[in-house]
Amino acid sequence: MTRELLEISGLKTHFFTRGGVARAVDGLDLQVGRGQIVALVGESGSGKTVAGFSILGLVSAPGRITEGRILLNGQDLVGKSDAEMARIRGDRIAMIFQDPMMTLNPVLRIDDQMIETIRIHDRKVSKVEARRRALEALREVGIPAPEARLRNYPHELSGGMRQRVAIAIALLNKPDLIIADEPTTALDVTIQAQILYLIRKLCEEHGTGFIWITHDLGVAAEIANRIAVMYAGRIVEEGPTDAVLDRPHHPYTEGLIRSLPEGQPRGAALFQIPGMTPSLLNLPEGCPFRPRCHRASEACRAMPPERVSAETRFRCFHPANAAEGALHELS
Amino acid sequence: MSFLEIKGLKKTFSTRPDLIARGLGALGLRNSTSPAVHAVREFSASLERGEVLGLIGESGCGKSTVARMLAGITRPTAGRVLLDGHDVIARDTPEARAAALDIQMIFQDAAAAMNPRYRIFDIITEAPLYHGRIKPSQARDKVAEVLEAVSMSPDVADRYPHQFSGGQRQRIGIARALAMQPKLLICDESVAALDVSIQAQVINLFMELREKFGLTYVFISHDLSVVRHLSDRVAIMYLGEIVEAAPAAELFAHPEHPYTRALMTQNPSLKNRARRHAPLAGEVPSPLDPPQGCYFNPRCRQAMEVCRAHHPALAALRAGHEAACFLHSTSRTNP
């Protein structure tokens, strides 16, 4: 069996707060292949951002990874020292944030920041060579007049241009994996479309694996090869984009899709998932979606095991869109 | 006359030149006129009672400035807004002053629109008590009534804003607006910050309240599918002016302006899987320095010679459907 680029198994990241233990990520299994874009979809508090931070080794106290493995090219990232992770971040794994100013230093020119990113990981690269690579990266992400932009400060660029620069910086060292946390949420529709188009193209050309964290199913539909839906720290359903969106098994996935106005008759009452996402400090026993689920039964007081259908895996005792015989318990 | 008439609304922001610039100007050494941003160049619309006007546009198109002018937060440079025939901008009669209070606004970030040190009770009752719409003795009942209208328990009145989730705070923001017994609600990206499952709840609430209280809405959003769902009429804005307006069903079935078409094909959709075609290039130009001719021409794939020389005017293509584009009409204007 060929190794996936990224293999996460049984990952648990817990926060030990005064109010109790918040199980932000509680048993996450996820795989990303080379050149593959996986959308990690969830609402606020589902643990999707903490999952991304865990891969990058950016979880800080009171939180820590308590269990699980994160294999990048077969190498476990859990338990690496801070110095080792610092070498991996920005080199093998890069991050793109929702707000590009999280990446950009406001008091440094674009060229200085980009040259630093290259030279901090490889001292042998000359400044001239680093600058040439920076210019090439800006050109690749479609920034007009890249030569002039290199000399700009971040505040001189528009929001869309800043996000392109942040993407260019992420690409600089040709990472194996890029984690993007809501990278287009703050952008306008036409600019978002440009970025989605760009990322797809870059992923294919470079074979970079991508984890795209988003709450927006429409964006996930457009960009991702696979979709993983998170709820209360776990992936409740995962599979190829078409299968998850067209034939969802988990009632939460189904509810999310049905609650969108898209495709509904104008003015009709939208499907509502009752209630709200539970507090991580006070999760219901068994299936965490049980109190909001219209299919819940007594059985749901126990945690559903992971099951597989022909295309997807999911955690539910009463799946939608499924012939019962076609489903298997995953041992 | 329609219930809501907006006529020629304009807003120009200009900075006062600083002391040195004024001094140099007085000596004739420098042009003392300061740069002006035409946030809204021209906005006219009308709406019947109980209708929803959807306003779509990207950042910098002026949609929020329109919202703030309608709500009386920003004073227009020119133009009139008539609600039930009363001029709510001039507010020169007691009836007009009352009509201005009939317009209430619901913001995107409910937390930022509430005093964090006030209890929900005070947040909801402050405006109606101040304006004499309710008596202090009626306050408790009013709070219970409006909270019930947004499906919240009256018990929450004694809590503080930070004790609620984003979706609950947005409901409280709506309850506060309802306490003024408004006729027109201005919603500026009111569901944009909410989670998907909560967004559906709030959209349903807006539709329920419209039925229950006969409310009229101006609903501003960048999300086309939300606007399509809620609106009767839709206006698309670009760089401070309307480029296309029509009844919602008509607009979404037959978009005519190239910008409207671009928005519709590029709005993320569950149906657009693994899309390949190249997106609209470029960005919205700076309102400080708009392009010559049609403002959209540098990004438009169908731009012609005339688009670079002249500015198209909004013209009727069919009954109720207007667009400002030389592909469809020859009428032009001086921006």
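Which residues are buried in H10(A)? In this predicted model, they are Pro251(A), Tyr252(A), Thr253(A), Glu254(A), Gly255(A), Leu256(A) and Ile257(A). Because seven of the eight residues of this helix, which runs over residues 251-258 of chain A, are buried, helix H10 is largely enclosed by the rest of the structure. The cover over the buried residues of H10(A) is drawn from both chains, and the elements that contribute to it include those in the following table.

| Covering element | Residues | Chain |
|---|---|---|
| helix H8 | 217-223 | chain A |
| strand E9 | 226-231 | chain A |
| strand E10 | 234-240 | chain A |
| helix H9 | 241-246 | chain A |
| helix H7 | 196-213 | chain B |

Turning to chain B as a whole, its secondary structure comprises 11 helices and 14 strands, and its C-alpha atoms fill a box of roughly 65 × 60 × 40 Å along the principal axes. The radius of gyration of chain B is 22 Å, which agrees with the value near 20 Å that a compact globule of 335 residues would have. Buried residues make up 51% of the 335 residues in chain B, and, among its contacts with a separation of 6 or more, 65% join residues 24 or more positions apart.

As for the surface, chain B exposes about 14900 Å², of which carbon and sulfur atoms supply 51%. Its charged side chains number 39 positive and 34 negative, and the centres of these two sets lie 4 Å apart.

Note on methods: Residues are numbered from 1 along each chain as its sequence is written. Chains are lettered from A and ligands numbered from 1 in the order in which they are written. This is a predicted model: local features need pLDDT of at least 70, side-chain atom pairs count only at pLDDT 80 or more; totals for chains, interfaces and linings use all residues. Side-chain values use heavy atoms; hydrogens and water are left out. Helices (H or I, at least four residues) and strands (E, at least two) are DSSP runs, numbered from the N terminus. The radius of gyration is taken over C-alpha atoms; the globule rule is 2.2 Å times the number of residues to the power 0.38. Buried means under 20% relative accessible area, exposed over 50%, partly exposed in between (1.4 Å probe, protein chains only). Contact means heavy atoms within 4.5 Å. Accessible areas come from the Shrake-Rupley method with a 1.4 Å probe; for residues, only the protein chains shown count as cover. Lys and Arg count as positive and Asp and Glu as negative; His and the chain ends are not counted. The place of a charge is taken as NZ of Lys, CZ of Arg, CG of Asp or CD of Glu.
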